[in-house]
Amino acid sequence: MRAEAIVDLSAIKHNVELLKKTAGTKLLAVVKADAYGHGLVPVAKAAISAGADYLGVALLEEAIALREAGIEAPILAWLVQPGSDFKKAIELDIDIAAASLKALQEISAASENKKARVHLEVDTGMTRGGFLGEWDQLTAEHLQNVEVVGIFSHFARADEPGEAQNDEQLTRFNAMVERVHSFGFTNVIRHLSNSAATIKNHAAAFDMVRTGLAMYGLS
C-alpha cells in the first residue's frame, strides 16, 4: 500500500479562526510552497472561509495560480525577483513586496496604466531580506508612481519571547513606519508578526499578522 497524507481542511480552518481571534487584528494566511505541501488552492480557500483577510505567497506564479483559480481575496507576493512580470501582477491586483530601490524602479516602470500596490519590506534585524543599507536613500520620489499599501518586516527570534532583539526590532520597525508616513503614505498596513509573535507578542500585532506554521498545527 502506498503512503498517503490526508489534509484536514476543517482543522486548518479552526486554526485560522483561533489565530485571528488571538491576534485581534487582520490575518494574512501564508500559503507559500503549495501551502507548505498541503495544497495551495484548497488551503487558500479554507483560510479565506475561516476569516483570513489576506493570502501570502513567496512567488508571483503562486499568486497568479490563486487568481486563475478564481480567488479574489487580497494576495501579497514577497519574493518577486527583478525581471518578473510586474505588469501581470498589477493587472491581476496582486500586491508586490519591494525590498530595494531597483525593485521599486522596475515596479514603477510597469505602473503605466495602473499603479502597483506595493508593500515595502524592511529589514529590522533578521538580515534575510528587505531594505537595510538603502533605506536612508529612499525618497518620496522613488514612490511617486506606486501605491504604498503596506510595510512589513520579519522577526528573527519571535519564538524566544524574552529575547531583547524582539523589542529592538519593534522599535526599529516603528521608526521605519514613521518615515513612510512622512512620505505621505499614512494609511499603510503594518505587519511584523509571524506565528510565534501572533501567539506571544500582542504589542507587535499592528494592523495584520502573518501566520504560516501555526495554521498547519505546528507550535
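This is a predicted model: local features need pLDDT of at least 70, side-chain atom pairs count only at pLDDT 80 or more; totals for chains, interfaces and linings use all residues.
User: Is His119 buried or exposed?
Analyst: The classes are buried under 20% relative accessible area, exposed over 50% and partly exposed in between, with a 1.4 Å probe and protein chains only. His119 has a relative accessible area of 0%, so this residue is buried.

User: Which residues does His119 touch?
Analyst: Contact means heavy atoms within 4.5 Å. Leaving aside residues up to four places away in sequence, His119 touches Tyr54, Leu76, Asp95, Ile96, Ala97, Ala98, Val149, Gly150, Phe152 and His191.

User: Are helix 1 and helix 3 parallel, perpendicular or oblique to each other?
Analyst: Axes are lines fitted to C-alpha atoms over the stretch in contact, and angles run from 0 to 180 degrees between N-to-C directions. Helix 1 (residues 9–23) and helix 3 (residues 40–49) pack at about 45°, their axes 8 Å apart. Angles under 35 degrees count as roughly parallel, over 145 as roughly antiparallel, 65 to 115 as roughly perpendicular and the rest as oblique. The two helices, helix 1 and helix 3, are therefore oblique.

User: How many aromatic pairs are there?
Analyst: Rings of Phe, Tyr and Trp (its six-membered ring) pair if their centres lie within 6.5 Å; planes under 30 degrees apart count as stacked, over 60 as edge-to-face and the rest as tilted. By this rule the count is 3.

User: What kind of aromatic pair do Tyr36 and Tyr216 form?
Analyst: Tyr36 sits in helix 2 (residues 32–37) and Tyr216 in the segment after strand 8 (208–211), 180 residues apart. Tyr36 is partly exposed at 30%, while Tyr216 is buried at 14%. Their rings are 4.9 Å centre to centre with 45° between the planes, and the pair is tilted.

User: Why is the pair of Phe131 and Trp135 edge-to-face?
Analyst: Phe131 is buried at 0% relative accessible area, and Trp135 is buried at 4%. The ring centres of Phe131 and Trp135 are 5.7 Å apart and the pair is edge-to-face because the planes are at 65°.

How values were computed. Residues are numbered from 1 along each chain as its sequence is written. Side-chain values use heavy atoms; hydrogens and water are left out. Helices (H or I, at least four residues) and strands (E, at least two) are DSSP runs, numbered from the N terminus.
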